[in-house]
Amino acid sequence: MLDIQRIRNNPEEVKNALQKRLFEVDFTELLSWDQKRRSIIIEADELKAKRNKVSGEIPVLMKQGTDVSQLKAEMKEIGDQIKKLDDELRDIEKKINDFLAGLPNIPAEDVVAGGKENNRVIRTFGEKPEFSFTPKNHVDLVTSLGLIDYERGVKIGGNGFWVYTGDGALLEWALLNYFIEEHTKDGYQFMLPPHILTYQCGYTAGQFPKFAEDVFKVEASEVSDRMQFILPTAETALINYHRDEILNEEDLPKKYFAYTPCYRKEAGSYRAEERGMIRGHQFNKVEMFQYTLPEQSEAALEELVNKAERLVQGLGLHHRVSKLAAQDCSASMGKTFDIEIWIPSMNDYKEVSSCSNAYDYQARRGNIRFRRKDSKKTEYVHTLNASGLATSRILPALVEQYQQEDGSVIIPEVLRKWMGGRDRLYPIKK
RNA sequence: GGAGAAGUACCCAAGCAGGUCGAAGGGGACGGUUUGCUAAACCGUUAGUAGGGGAUAACUCUAGCGCGGGUUCGAAUCCCGCCUUCUCCGCCA
């Protein structure tokens, strides 16, 4: 949610900022509603003040034996006017809110305009592995190693699902354990939130109302404020953890991480090259989340990017870090860095972590504030989220980058303690 | 899933046959007096918030007693719907 006051005072500035996202807005209607709203409030408040005053006087007059029926009739009239104005006000505030709720976040100053093509790689880690043999793709590898069962996944869950089997499940769990261990070391608090969330959660996160079609709704309920849905990312849960709260300045930053599966419809996004586990309806992710003071959020974003990057580095996998252009940042975010991992068979880098600063955008939607120790004033917190990490692209990258000529795959050092000390996975015999 | 009870400020809690109730009384917290220090005692402060007007001042108005409606000149108090919590019953991983 953007600050209406900012739009009121500098409509051109906001309009230009949103153009970096290739998002065109016209505020003339909004500003006229805003005008109208305030004039209604002035009128209604005056009437209410009068009603309060007279209603206070009526019992006194009655005690004196004065006839108040004339006054009552007048107040009745005023009451009707107030009701009419309040109805009008409600309508116009709904219009204003709906309009504001549909606006994306303003990109940060240093974020370049335009779409994907303007994303900039800011650093890379490691090298593309060179193979002295013909490398296999991850679908073949995980199948021959017996790590993933695609066919039965589709049989029991439908298109877009797979099953981790045996060592595959262990390896997946090893990754998650590794992440959990690292975040805990860094002082982040581990959270296991509900996976089914209320409409309000999606609204705060900025997924609703615009992107309500991307999530699985429970019991096919309609989109309404009563609906529930299965979370598309733990971010949606964590941003709502402190919804409608006023935190203490000295309690910030709050650093959390959560493990949840993530459920997404991904309707219409299937592409042949993304077969396997690159894009499914369900994937595992550990999500980092911070609530910070406004002046600390830039540093926090850097910390999150570094943390996510260190995890990939710990696995020894070739990857790069990109700074996204304005349009490629999701609607709630003002600045985003992606960490993308090299998938040899796709000859491409795929996102394993998205690290973003929402600034006060989500905090406004969720009414999450903090109180300054000195001035006692309340302000909106800044919120940041970063995957740390999503596994569904790591496993493919891992098996592909670490594959050997004999079809075996080397297990990264950091995962071995959860793999019974083994250093390698071998193809299973058919 | 069924039946009852309840939701009041940081916490507890009164008010609920409608009218100075924006809300008694405790506790806690904060400030002060007393004190060598602590404790105790005593005095004081303790809705915060949101939205208007105003210079983004002083000041002022409006809303707020779970949430949303309604009745009324006037509602914490009456009516309706919803949410949440607790107790009991049923069912069950």
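Two residues are in contact if their C-beta atoms, placed from the backbone, lie within 7 Å. By this criterion, residues 24 or more positions apart account for 72% of the contacts in chain A with a separation of 6 or more.

The model is predicted: local features need pLDDT of at least 70, side-chain atom pairs count only at pLDDT 80 or more, and totals for chains, interfaces and linings use all residues. Residues are numbered from 1 along each chain as its sequence is written, while chains are lettered from A and ligands numbered from 1 in the order in which they are written.

**View 1. Chain A and its two assigned domains.** Chain A holds 12 helices and 18 strands; helices (H or I, at least four residues) and strands (E, at least two) are DSSP runs numbered from the N terminus. Domain 1 spans 26-101 and domain 2 spans 116-425, with bounds taken from an automatic or database domain assignment. Their centres, taken over C-alpha atoms, are separated by 49 Å. Along the principal axes, the C-alpha atoms of chain A fill a box of roughly 105 × 45 × 40 Å.

**View 2. The surface near RNA strand B.** A residue is near the strand if its C-beta atom, placed from the backbone, lies within 6 Å of it. RNA strand B is surrounded by 16 residues, the closest being Lys48, Ala49, Ser55, Met75 and Lys76. The elements giving two or more residues to this surface are α3 (28-63) and α4 (69-101). The largest share, 11 residues, comes from α3.

**View 3. The open sheet.** In the order β1-β11-β12-β13-β16-β10-β9-β4, 8 strands form an open sheet with mixed pairing; two strands pair if DSSP finds at least two bridges between them. Because β1 (120-125) and β4 (189-191) stand at the edges with a single partner strand each, one side of each is left without a neighbour in the sheet. From one strand to the next, the twist averages 25°.

**View 4. Strands β10 and β16 with the packed helices.** Strand β10 (residues 282-292) and strand β16 (residues 382-390) run antiparallel and are joined by 7 bridges. Lysine 285 stands opposite alanine 390 in β16. Helix α10 (residues 297-315) packs on the sheet, where the strands it touches include β1, β10 and β16, and its direction makes about 5° with that of β16. Helix α12 (residues 394-401) also packs on the sheet, touching β12, β13 and β16, and its direction makes about 35° with that of β12. Axes are lines fitted to C-alpha atoms, for helices over the stretch in contact, and angles run from 0 to 180 degrees between N-to-C directions.
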